[in-house]
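Colleague: I am new to this one. Can you take me through the labels and say what each rests on?

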Amino acid sequence: MEDLQLVLQLRAQIKNSLSALTITVTSGGVDNFETYKYMLGQINAYEAILQEISNLLETKEQHEKHTGNIVDIQKSK
């Protein structure tokens with residue numbers, strides 16, 4: 001359970017960083033094009049990481065939902 005808490009806290013931190021970057025970019029807080037490109041790269045990276053975390057959590061949730069309901073009918077060798 002501690003692993004899940006760590007992932008959820010990490011996801012929250014990434015969302016906060018993503019939000020701060022998005023606000024900075026959209027409110028005109030970027031002073032040159034190089035900084036703008038760098039910040040867009042960070043935003044893209046954060047979004048990709050959040051998507052991967054979401055995919056991993058979705059897989060985990062699907063397995064947890066079916067725990068106890070799956071019957072292995074394969075024969076032992």
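Modeller: Start with a definition. A nonpolar core is a set of buried Ala, Val, Leu, Ile, Met, Phe, Trp, Tyr and Cys residues joined through side-chain atoms within 4.5 Å. Keep in mind that this is a predicted model.

Colleague: Which residues make up the largest nonpolar core?

Modeller: Nine residues in all: Ile14, Leu18, Leu21, Val25, Met39, Ile43, Leu50, Ile53 and Leu57. Helix 1 and helix 2 (33-65) each supply at least two residues of this core. Helix 2 gives the largest share, five residues.

Colleague: What makes Leu21 buried?

Modeller: Its relative accessible area. Leu21 has 9%, and buried means under 20%. Therefore Leu21 counts as buried. In soluble globular proteins, nonpolar side chains tend to be buried together.

Colleague: Where does Leu21 lie, and which residues is Leu21 in contact with, leaving aside neighbours within four places in sequence?

Modeller: Leu21 lies in helix 1, residues 2-26. Leaving aside those neighbours, its contacts are Met39, Gln42, Ile43 and Tyr46. Contact here means heavy atoms within 4.5 Å. As for Leu40, it sits 19 residues from Leu21 along the chain, and their C-alpha atoms are separated by 8.4 Å.

Colleague: And which residues is Leu57 in contact with, under the same exclusion of neighbours within four places in sequence?

Modeller: Leu4, Val7, Leu8 and Arg11.

Colleague: Why is the pair Glu34 and Lys37 called a salt bridge?

Modeller: Set the distance against the cut-off. The closest N and O atoms of Glu34 and Lys37 are 3.6 Å apart. The rule asks for a Lys or Arg side-chain nitrogen within 4 Å of an Asp or Glu carboxyl oxygen. So the pair qualifies as a salt bridge. By this rule the count comes to one.

Colleague: How are Glu34 and Lys37 placed in helix 2?

Modeller: They are three residues apart, so about one helical turn separates them.

Colleague: What about the whole chain?

Modeller: The protein chain has two helices and zero strands. Buried residues make up 12% of its 77 residues. The accessible surface comes to about 6600 Å², and 54% of that belongs to carbon and sulfur atoms.

Conventions:
Residues numbered from 1 in each chain as written. Predicted model: local features only at pLDDT ≥ 70, side-chain atom pairs only at ≥ 80, totals over all residues. Heavy atoms only, no water. Helix = DSSP H or I, 4+ residues; strand = E, 2+ residues; numbered from the N terminus. Buried < 20%, exposed > 50% of the residue type's maximum accessible area, 1.4 Å probe, protein only. Areas by Shrake-Rupley, 256 points an atom, 1.4 Å probe, with all protein chains shown as cover.
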